[in-house]
Amino acid sequence: MTVSLEQLRRCHFAVDLGAARTRVYVRGTGLVVDQPSVAAVNTRTGALIAVGEFAERMTGRTPDYIKVVRPVSGGTVVDIDVAQRMLRHLLGDKMRRALRRKPRLRAAACAPHDADPLARRATIETLVGLGARRVELVDTLIAAAVGCGMPVERPEATMIMVCGAAATEVAVLSMGSIVTADRIPVGGEAVDHAIVQHLRHTHELMLPAQSVRPLQLALSGNGLTPNGPASTEIHGRDVATGLARSVRVDTAAVRDAIQTPLTAVLDSIGKVLRDCPPDLVADLADRGIMMVGGSALLPGFDQMLRQATRMPVHIAERPDVCAAQGLGAMLEGRIEPLVLDPLAA
Ligand SMILES: Nc1ncnc2c1ncn2[C@@H]1O[C@H](COP(=O)(O)OP(=O)(O)OP(=O)(O)O)[C@@H](O)[C@H]1O
Ligand SMILES: [Mg+2]
């Protein structure tokens, strides 16, 4: 990606359109939107009924003619029209008017490092629809690394792992650029899905994906290692009778059920390390891995990585908003006086 810090400093707002959440940073104001990337649409009239948290609460509770849609999937805007309308509503009238008053509105957005041209275009089109005359794209990995205060511009290796809802990106960065990186389509949603499938197979219980959090919390304590509570009670719907039922779920079995997605993440880390020059791997042994993204908060995930890689593993202070904060830091020109311009490579 060839965008310079100078160009980013001219942007008025920045958007991180995620599969789970949308964040908007406005220069001079800060993070103004952090809401689910969800919209509820009336299919008869095409009207937007709700966006963000309100729309998410409607999931699974709407009559036929109201559809709850997610315009972003797997890091790509799949419905540009709904994404634009959702963003307009999330920004609110006041903020939108303030942005529209700018003579040549410029926007920045983050995109996965390996996003194809179509995916990039979809993100750009979405922001052009919001009135932006020019849109700069920044790698999510770089934005997130800047957002959690990693010294990306130095000639030392830093390893970052962005654990999103739909995907996980792992990379080694040095001198402001990506040295090696990998992206797998496994994230928080895959973990939730694995738990839902486990309950269905083992307990014949149906549960919406958004209700698995209590089970994830049971994995905390000593992380994904077998010292947390032995079982947890959970309420759902019986697959056969359709009636409400509660069961006690064995925590160790849940831990096993989510091994598949977590192993995919470990494989990805292994791949990035194998592709990385040896000098940089030596740096990484001391500095370890920085986890960002909402799924970094999955209880015990860091502990599991620590055990598997034998490297130090850190979770960023606000992992979920790191990418948006990083874009914000670039817009405000708050990045350390740079030896090199990390983005002009
Ligand atoms: N406390 C938590 N414990 C476990 N998982 C969490 C927690 N908080 C958020 N998550 C998970 O993090 C994911 C959202 O992370 P994030 O906001 O980084 O995603 P996103 O940026 O929208 O997605 P992507 O980057 O993949 O497009 C969801 O899958 C959510 O379940
Ligand atoms: Mg994200």
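**A walk from a loop to the core**

Hi everyone, let's start with Arg310, which sits in the loop between helix H11 (301–309) and strand S18 (313–315). Helices here are DSSP runs of H or I with at least four residues, strands are runs of E with at least two, and both are numbered from the N terminus. A word on the source: this is a predicted model, where local features need pLDDT of at least 70, side-chain atom pairs count only at pLDDT 80 or more, and totals for chains, interfaces and linings use all residues. Residues are numbered from 1 along each chain as its sequence is written, and chains are lettered from A and ligands numbered from 1 in the order in which they are written.

Back to Arg310: its phi is positive, near 55°, and it is not a glycine. Most residues other than glycine have a negative phi. Is Arg310 buried or exposed? It has 10 C-beta neighbours inside 10 Å, so it counts as exposed. The cut-offs are 20 or more other C-beta atoms within 10 Å for buried, 12 or fewer for exposed, and partly exposed in between, with C-beta atoms placed from the backbone.

Met175, also not a glycine, has a positive phi of about 50°. You'll find Met175 in the loop between strand S12 (168–174) and strand S13 (177–184). With 15 C-beta neighbours inside 10 Å, Met175 is partly exposed.

Now let's go inside, to strand S1 (residues 13–17). Five of its five residues are buried, so the rest of the structure largely encloses S1. Phe13, Val15 and Leu17 cover one side, and Ala14 and Asp16 the other. S1 runs antiparallel to strand S2 (residues 21–26), with five bridges between them; strands pair if DSSP finds at least two bridges. A hairpin of three residues links S1 to S2, and Val15 stands opposite Val24. With strand S9 (residues 106–111), S1 pairs in the parallel sense over three bridges, and there Ala14 stands opposite Ala108.

Which residues touch the most other members of the largest nonpolar core? Among its 102 residues, they are Ala14, Ala109, Ile160 and Leu327. Domain 1 (5–144 + 323–332) and domain 2 (151–316) both contribute residues, so this core lies between them. Such a core is a set of buried Ala, Val, Leu, Ile, Met, Phe, Trp, Tyr and Cys residues joined through C-beta atoms within 7 Å, and the domain bounds come from an automatic or database domain assignment.

Finally, Leu327 is one of the buried residues of H12. Nine of the eleven residues in this helix (residues 322–332) are buried, and Gly333, with a positive phi near 70°, follows it. Thanks, everyone!
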